[in-house]
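Work through the exercises below with the sequence and the model open. Each task is followed by a solution in steps.

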Amino acid sequence: MKGKLYVISGPSGCGKSTVVHAVMAKYPNLRFSVSATTRPIRPGELDGEDYFFVTRERFDEMLRDGELLEHAEYVGNCYGTPERPLQEALDSGLDMLLDIEPQGAMQVRQKRPDAVLVFLAPPSMEALRARLFGRGDTSEELIAKRLEQARWELQQARNYDYIIINDAVENAAREFLAVITAEKCKTADRIRLLKEEH
Ligand code: 5GP
């Protein structure tokens with residue numbers, strides 16, 4: 001049976017990557033889809049693991065050659081999901097997780113109607129502001145831009161299948177795992193198993 005495609009979106013600073021790691025640790029069949037981006041690599045990141053860090057020229061080439069399932073510009077940089085490795089993983093039965101922003105998520109919804117879209121929200125704007133400042137690695141100008149972006153992203157939550165409030169990592173991870181379990185039990189998928197077995 002083919003794997004399932006999950007999308008997670010949520011504003012910068014809402015703790016998305018921590019939740020994603022906690023979910024993947026508990027459910028190893030879920031793998032992270034590595035995006036291509038034109039943004040500079042950050043300390044601690046690995047090329048090919050966190051992202052494929054590419055030039056603008058290479059990104060445009062990928063776009064032109066139809067290599068990307070979806071793409072978007074976010075705070076001045078381009079991001080996109082390479083389709084071939086994603087499809088190969090799904091075909092081999094792995095469930096795949098795309099950590100992408102809402103414009104990209106809506107493109108996935110159009111092209112892959114069976115994808116499951118999950119929105120991770122901070123408990124409040126105040127909590128988000130505190131987390132962004134707490135990181136201490138970004139300028140006030142960039143934080144202001146991210147907060148503005150976050151307000152827009154929160155308005156997009158209504159277009160997702162599930163909303164998880166990240167009040168605590170363990171709770172958010174547990175809810176995400178519950179979504180995965182529920183999706184596995186969906187009749188449309190299970191009925192096929194019944195037909196195969198009976
Ligand atoms: P960051 O630069 O902080 O790693 O990511 C910035 C934003 O880009 C995050 O909201 C992240 O979810 C989003 N993002 C990462 N990869 C992709 C992608 O392939 N496509 C789209 N549309 N957004 C992405």
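Predicted model: local features only at pLDDT ≥ 70, side-chain atom pairs only at ≥ 80, totals over all residues.

**Exercise 1.** Determine how helix H5 is oriented relative to helix H6, and which residues form their contact.

Solution. 
Step 1. Locate the helices: H5 covers residues 125–135 and H6 covers residues 140–155.
Step 2. Take the geometry of the pair: the axes lie 11 Å apart, and the packing angle is about 150 degrees.
Step 3. Classify the angle. Angles over 145 degrees count as roughly antiparallel, so H5 is roughly antiparallel to H6.
Step 4. Assign the handedness: the crossing of H5 past H6 is right-handed.
Step 5. List the contact. From H5 come Met 125, Leu 128, Arg 129, Leu 132, Phe 133 and Arg 135. They meet Glu 140, Ile 143, Arg 146, Leu 147, Ala 150, Arg 151 and Leu 154 of H6.
Step 6. Sort the contact residues of H5 with H6 by class: eight are nonpolar, five are charged and none is polar.

**Exercise 2.** Carry out the analysis for helices H1 and H7.

Solution. 
Step 1. Take the geometry: the axes of H1 and H7 cross at roughly 55 degrees and come within 9 Å.
Step 2. Classify the angle. The roughly parallel class is for angles under 35 degrees, and the roughly perpendicular class runs from 65 to 115. H1 and H7 are therefore oblique to each other.
Step 3. Assign the handedness: H1 passes H7 in a right-handed crossing.
Step 4. List the contact. H1 contributes Thr 18, Val 19, Ala 22, Val 23 and Lys 26. H7 contributes Val 169, Ala 172, Ala 173, Phe 176, Leu 177 and Ile 180.
Step 5. Sort the contact residues of H1 with H7: nine nonpolar, one polar and one charged.

**Exercise 3.** Describe the largest pocket by its volume, its lining and the residues nearest its centre.

Solution. 
Step 1. State the volume: the largest pocket holds about 1200 Å³ of space.
Step 2. Count the lining: 40 residues line the largest pocket, and those nearest its centre are Arg 39, Arg 42, Glu 45, Tyr 51 and Asp 99.
Step 3. Assign elements: H1 (16–26), strand S5 (68–74), strand S6 (77–82) and H6 each give two or more residues to this lining. The largest share, six residues, is from H1.
Step 4. Sort the lining of the largest pocket: 15 nonpolar, 12 polar and 13 charged residues.

**Exercise 4.** Describe the second largest pocket by its volume and its lining.

Solution. 
Step 1. State the volume of the second largest pocket: about 550 Å³.
Step 2. Count the lining: 26 residues line the second largest pocket, with Met 1, Lys 2, Gly 3, Lys 4 and Asp 189 closest to its centre.
Step 3. Assign elements: at least two lining residues each come from strand S1 (5–9), helix H3 (83–91), H7 (169–184) and helix H8 (187–197). H8 supplies the largest share, five residues.
Step 4. Sort the lining of the second largest pocket: 10 nonpolar, four polar and 12 charged residues.

Notes. Residues numbered from 1 in each chain as written. Heavy atoms only, no water. Axes fitted to C-alpha atoms, helices over the stretch in contact; angles between N-to-C directions. Helix = DSSP H or I, 4+ residues; strand = E, 2+ residues; numbered from the N terminus. Left-handed = near helix turned anticlockwise from the far one by under 90°. Contact = heavy atoms within 4.5 Å. Nonpolar A, V, L, I, M, F, W, Y, C, P; charged D, E, K, R; others polar. 1 Å grid on protein atoms, 1.4 Å probe; cavity = no way out; pocket = protein on both sides within 12 Å on 5 of 7 lines; lining within 4 Å. Points joined across faces, edges and corners; volume = space filled by probe spheres on them.
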